[in-house]
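User: I'm new to reading protein models and would like to learn how to spot disulfides and helices. Could you walk me through one?

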Amino acid sequence: MDLLTVTLALLVLLTPAWGFDLGQSTRCVPIPHQMSVCQDVGYSEMRLPNFLGHSSLEGEVVPRSEDWRPLLQTGCHPQAQAFLCSLIAPVCLDTFIQPCHSLCVAVRDSCAPVLACQSHVWPEALDCDRFPAQEDMCLTPHPKHSNSHLAKALPKPACQACPSVEEHPSLKTVLDALCQDDFAVTAKLSRRRLPSGEPEFEVEGRVEFIRQGPLLPYDTQHLLQQWLLINLRCANALVRPGRTQLYLLTGAVQPDGTLALTRLFPWHKKDHSIAVATRKWKHHKC
C-alpha cells in the first residue's frame with residue numbers, strides 16, 4: 001500500500017461525524033476473522049452498530065478497520081489498538097464500554113504526531129471531550145509499571161526531515177560521516193510490492209553495527225523499522241516496491257531520546273569506498 005493509498009483510506013475513515021446514539025438498539029456479533037486488527041483484544045464478540053456508526057460488517061466495519069493498520073503498526077502508543085478497537089469493535093456486555101477521556105488523551109498525545117508526520121490531523125470524530133471523564137465505567141489507561149523508567153531510556157523513532165541519501169560517496173565522505181555521527185549501522189531495507197496484513201516497509205535480517213554509539217543491540221532493528229513506518233514519505237523514497245536495498249545509515253540520538261538519521265549511503269556491489277571506509281574506521285577510528 002503506497003502513501004497515496006494510505007492517505008485516501010485514512011481520509012475516508014477520519015470523518016468528523018460522531019455516528020452513534022447510545023439510546024439506539026444494538027446486536028452482538030462475532031468479530032470476523034478477517035478483521036485482524038482487533039483479533040487479540042481479549043474478547044470475541046462486538047456490538048453493531050459500533051461507536052463510529054458502522055452497521056455493516058462487510059461493507060464498513062472490516063474494510064475501515066484495516067485503514068487503521070498503518071498507524072497501529074508504528075507502535076505510537078501501547079494502548080492504541082485497545083482504544084481504536086473499543087470504538088470499531090466495542091465489547092458486547094450488558095452496558096456500553098467506551099474509552100475514558102484519559103485513555104483518549106494518552107493515545108492522542110502519542111499518535112497525533114505520527115498522523116501529522118503523514119499530513120493528517122487527529123480526527124474530530126475522536127475528540128477526547130466526547131468520552132467520559134469518570135473512570136468507573138470506561139476503558140482506562142494501564143497504570144505505569146515499576147520499570148517504566150527503562151522504557152523511557154530506550155531511543156524512540158520520531159518524525160523528521162528526510163536524511164541525505166548519497167549515491168556512490170567518496171571515501172572521505174563516508175569516513176567523515178562515521179566520525180561525525182554518533183552511530184553507524186548497515187541494514188537491508190525492503191518494501192513489499194503487494195498489500196498485505198504485514199508492514200509495507202521492513203528491516204530484513206540482522207542490523208550490523210559499524211559504530212554502536214547510544215544504540216542498544218536488541219532494540220535497533222525494531223527502532224529502525226518503526227522509523228520507516230512513521231516516516232513514510234522518506235521510506236517511499238528509499239526503497240522501490242518489491243525491492244531490497246542495503247544501506248549504511250548514520251545518525252544520532254537527540255537529547256530528548258529520539259532517533260535522527262543523518263545520512264544514508266546505498267551500498268551497491270561496486271561501492272568500494274564504503275567497504276574501505278568501514279574497514280579503516282574499525283581499525284583506526286577517527
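User: How many disulfides does a search of the whole structure find?

Analyst: First, the general idea: a disulfide is a covalent bond between the sulfur atoms of two cysteines. In practice, we look for a pair of cysteine sulfur atoms within 2.5 Å. Here, searching the whole structure turns up seven disulfides. One of them joins cysteine 38 to cysteine 85, with an S to S distance of 2.0 Å. The link of cysteine 38 and cysteine 85 has -95° about the S-S bond and is left-handed. Cysteine 38 sits in the loop between β1 (27-30) and β2 (45-48), while cysteine 85 is in helix α4 (residues 80-88), so the pair ties together parts that are 47 residues apart in sequence.

A word on the ground rules: this is a predicted model, so local features need pLDDT of at least 70 and side-chain atom pairs count only at pLDDT 80 or more, while totals for chains, interfaces and linings use all residues. Residues are numbered from 1 along each chain as its sequence is written, and side-chain values use heavy atoms, with hydrogens and water left out.

User: Is cysteine 111 buried or exposed?

Analyst: Buried means under 20% relative accessible area, exposed over 50%, and partly exposed in between (1.4 Å probe, protein chains only). Cysteine 111 has a relative accessible area of 1%, so it's buried. Cysteine 76 is buried too, at 14%.

User: What should I look at in helix α5?

Analyst: Start with length. The expected span of a helix is 1.5 Å times one less than its number of residues. Helix α5 (residues 101-117) has 17 residues and reaches 24 Å from its first C-alpha to its last, close to the 24 Å expected.

Next, check for a bend, which is the angle between axes fitted to the seven residues ending at a residue and the seven starting there. In α5 there's a kink of about 35° at aspartate 109, shortly before proline 113. The buried residues of α5 include Leu103, Val107, Cys111 and Leu115. After α5 comes serine 119, whose phi is positive, near 70°.

User: What does threonine 74 touch?

Analyst: Contact means heavy atoms within 4.5 Å. Leaving out residues up to four places away in sequence, threonine 74 touches Val114, Gln226, Leu229 and Ile230. Threonine 74 lies in the loop between α3 and α4, and it is buried, with a relative accessible area of 3%. Its side chain also reaches the backbone nitrogen of cysteine 76 at 3.4 Å.

Note on methods. Helix = DSSP H or I, 4+ residues; strand = E, 2+ residues; numbered from the N terminus. Polar contact = N/O pair within 3.5 Å; in protein donor to acceptor, adjacent residues only side chain to side chain.
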